[in-house]
Amino acid sequence: KSYMISIIIPTLNEERHLPRLLSSIKKQGYKNYEIIIADAGSTDNTLKIAKKYNCRIVSGGSPAVGRNKGAKAARGNYLLFLDADVTLKRNFLETAINEFKNRGADVASSLIVPLSDKKIDFILHNTINLCLRITQKFYPHAPGFCILAKKDIHNAINGFDEEIKLAEDHNYVYRA
């Protein structure tokens, strides 16, 4: 069975990153998705790029506000919140939704893989991954660059807390 995924991307002047992300989404084998750009008033070519890729556009704000407004507009039963500077590996959507369903998850994230080949990036990213793995049983949290959630869970916890200015993503996963 194919599950509809609403991909929600909060943006503010993301013309540098957005084409790479949208291109990586379009290359996915899994096609049952929609892309929603929640824009916070970009003055560069962000919206032009979003339109080129046939994204739906809603007004945004802070990352929490943008994610919530995108979720409100979403038609899918699954919400995938991505930051604009992310690139998806081939078959990411299919792998993610299958693993999510097989594990019976309500909310999930992925490990962080650096885009650069710098040794320091590799060390830092793996350190963060280790911390996320160690703490998931007693303090579940996840960075907002990639959070997959059931829409009914998102609604049950009233989405992201828009009053939190830092680590609203961690708070969201903890509450879910």
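Is D106 buried, exposed or partly exposed? With a relative accessible area of 31%, D106 is partly exposed; the cut-offs are under 20% for buried and over 50% for exposed, with partly exposed in between (1.4 Å probe, protein chains only). What you are looking at is a predicted model, where local features need pLDDT of at least 70 and side-chain atom pairs count only at pLDDT 80 or more, while totals for chains, interfaces and linings use all residues. Residues are numbered from 1 along each chain as its sequence is written, and side-chain values use heavy atoms, leaving out hydrogens and water.

**View 1. K150 and D106 meet in a salt bridge.** The N to O distance here is 3.2 Å; a salt bridge means a side-chain nitrogen of Lys or Arg within 4 Å of a carboxyl oxygen of Asp or Glu. By that rule the count comes to 6 salt bridges. K150 sits in strand β6 (residues 146–150) and D106 in the loop between α4 and β5 (107–109), so this pair links distant parts of the chain, 44 residues apart. Helices (H or I, at least four residues) and strands (E, at least two) are DSSP runs, numbered from the N terminus. Like D106, which is partly exposed, K150 counts as partly exposed, at 23% relative accessibility.

**View 2. R56 forms a salt bridge with E34.** The closest N and O atoms are 2.6 Å apart. R56 is partly exposed at 26% relative accessible area, whereas E34 is buried at 6%. Look for R75 as well: salt bridges that share partners join E34, R56 and R75 into one network.

**View 3. D83 pairs with R67 through their side chains in a salt bridge.** The N to O distance is 3.3 Å. D83 lies in the loop between β4 and α4 and R67 in helix α3 (residues 63–73), so the pair ties together parts that are 16 residues apart in sequence. R67 counts as buried at 2% relative accessibility, while D83 counts as partly exposed at 24%.

**View 4. Y78 and F100 make an edge-to-face pair.** Ring centres are 5.7 Å apart and the planes stand at 90°. For rings of Phe, Tyr and Trp (its six-membered ring), a pair needs centres within 6.5 Å; planes under 30 degrees apart are stacked, over 60 edge-to-face, and the rest tilted. Y78 belongs to strand β4 and F100 to helix α4, so the contact ties together parts 22 residues apart in sequence. Both Y78 and F100 are buried.

**View 5. F160 and Y172 are stacked.** Their ring centres lie 3.8 Å apart, with planes at 10°. F160 is in the loop between α6 (151–156) and α7 (168–175), and Y172 is in helix α7, so the pair ties together parts 12 residues apart in sequence. F160 is buried, with a relative accessible area of 2%, and Y172 counts as buried at 0%. The count of aromatic pairs comes to 5.

**View 6. K26, K27, K31 and R90 form a positive surface patch.** Patch residues have over 30% relative accessible area and no salt bridge, with like charges joined within 9 Å. R90 is found in the loop between β4 (78–82) and α4 (92–103) and counts as exposed, at 60% relative accessibility.

Notes. Patches are made of residues with over 30% relative accessible area and no salt bridge: like charges are joined within 9 Å, nonpolar side chains (Val, Leu, Ile, Met, Phe, Trp, Tyr) within 5 Å. Accessible areas come from the Shrake-Rupley method with a 1.4 Å probe; for residues, only the protein chains shown count as cover. Lys and Arg count as positive and Asp and Glu as negative; His and the chain ends are not counted. The place of a charge is taken as NZ of Lys, CZ of Arg, CG of Asp or CD of Glu.
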